[in-house]
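The sequence and the model are shown first.

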Amino acid sequence: MNKPKKLNFGDKVAVVAPSSATDLKSVENGELKLRSLGLKPVMFPTCYTNYGHLSAKDEERAKDINDSFRDDSIKGIICLRGGYGTPRILNMLDYEMIKKNPKVFMGFSDITSLHVAFNQICSMVTFHGPMATSNFAKIKNDNVSFESYTYNSLSKNIFTNEPAGLYINPPGEELISYNGGTAEGMITGGNLTLLVSTLGSEYELDAKDKIIFIEEIGEPVYKIDRMLTSLSLAGKFKDCKAVIFGTFTNCNREEKAYEGGLDLTLDEVINNTVVPFNKPIIGNFRAGHNFPQPTIPLGTLVKVDAHNNKIIFMESGTC
């Protein structure tokens, strides 16, 4: 895998909006957070525009990404926010150029499709982590205070070239096991909706011998059932070495019209759709639409020990 160089304090980082738009105050606060991290944010045009439910037209959003990788003065790229839109620009990116210019690239949620594309087509490590507008810092009177767990994980991953090592959940949260066993492999994945959206395309997730990480937000459990079943039918759980389930924020059981009717629980869905493949499966990995959250170097070697509820990041995402 191509590894980007670690970031240093004072480095210029591009801020791009490849998905949805946001308000000007959020953009300004995002810029302030990155400055407080010791970086020099360069706000690209899509941070300030909107086009329906998108930040800009497809060509403009793709251009910002291509331009940010092409610019030698830019050392890293941090997405403004998620939302919706990245699958629409996958055919517009210059993957050959991007492969020749590996840089720290970070985001989550809708950014998943870009992670998968860059990991697979460019053989480039990327980072599932906070975005410029993410709730990983508080701002009061232009003073920024970072949440320590998220800050420490982020700093370890993008400002050093040291492996993160044994993963520890935030205080009060424990990893759980759905199925025992151990496995080692490259970690891949992200948001469940995005992983399913590219099935059947050239950007489809390659799960062969990989550790699949999956998270979701705002989907009822029956829809999670449907999407996990889609991955199952596509052979992803057969091909992979292990599965890590992150957070499923506001993913609730729906009441049914018949008396006392409810969706299955999320645990029941996982036990029905994924456990039968008899792979190591760990849950409650606190990554996804939640804070505190860890930064994940996608495309690096990870060990899963589902007998002892351990995840070990064995390789740095930077050089």
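## Salt bridges, sheets and a cavity

K156 and E162 are joined by a salt bridge in which the closest N and O atoms lie 2.9 Å apart. The model that contains this pair is predicted. K156 is partly exposed, since its relative accessibility of 29% falls between the limits of 20% and 50%. E162 is likewise classed as partly exposed, at 43%.

Across the whole structure, the search finds 13 salt bridges. Three of them are set out below.

| Salt bridge | Closest N to O | Relative accessible area |
|---|---|---|
| K156 and E162 | 2.9 Å | K156 29%, E162 43% |
| E204 and K236 | 2.8 Å | E204 23%, K236 6% |

How far apart in the chain are E204 and K236? Their salt bridge, with a closest N to O distance of 2.8 Å, links distant parts of the chain, 32 residues apart. E204 belongs to the loop between helix 6 (192-197) and strand 11, whereas K236 is in helix 8 (residues 236-239). K236 counts as buried because its relative accessible area of 6% is under 20%. E204, at 23%, is partly exposed.

An antiparallel pairing is found between strand 6 (residues 137-140) and strand 7 (residues 143-146), which share four bridges. A137 faces F146 of strand 7. The two strands form a hairpin with two residues between them, and N141 in the turn has a positive phi of about 55°.

Which residues line the largest cavity? The lining consists of L34, L37, I78, M106, P130, M131, A132, F136 and L154. Nine of these lining residues are nonpolar, with no polar and no charged residues. The space in this cavity is about 30 Å³, and the count of cavities of 30 Å³ or more comes to one.

Notes. Residues are numbered from 1 along each chain as its sequence is written. This is a predicted model: local features need pLDDT of at least 70, side-chain atom pairs count only at pLDDT 80 or more; totals for chains, interfaces and linings use all residues. Side-chain values use heavy atoms; hydrogens and water are left out. Two strands pair if DSSP finds at least two bridges between them. On a 1 Å grid over the protein atoms alone, a cavity is a set of points where a 1.4 Å probe fits but cannot get out, and a pocket is an open set with protein on both sides within 12 Å along at least five of seven lines; lining residues have an atom within 4 Å of a point. Grid points are joined across faces, edges and corners, and a volume is the space filled by probe spheres set on the points. Ala, Val, Leu, Ile, Met, Phe, Trp, Tyr, Cys and Pro count as nonpolar, Asp, Glu, Lys and Arg as charged, and the others, Gly among them, as polar. A salt bridge is a side-chain nitrogen of Lys or Arg within 4 Å of a carboxyl oxygen of Asp or Glu. Buried means under 20% relative accessible area, exposed over 50%, partly exposed in between (1.4 Å probe, protein chains only).
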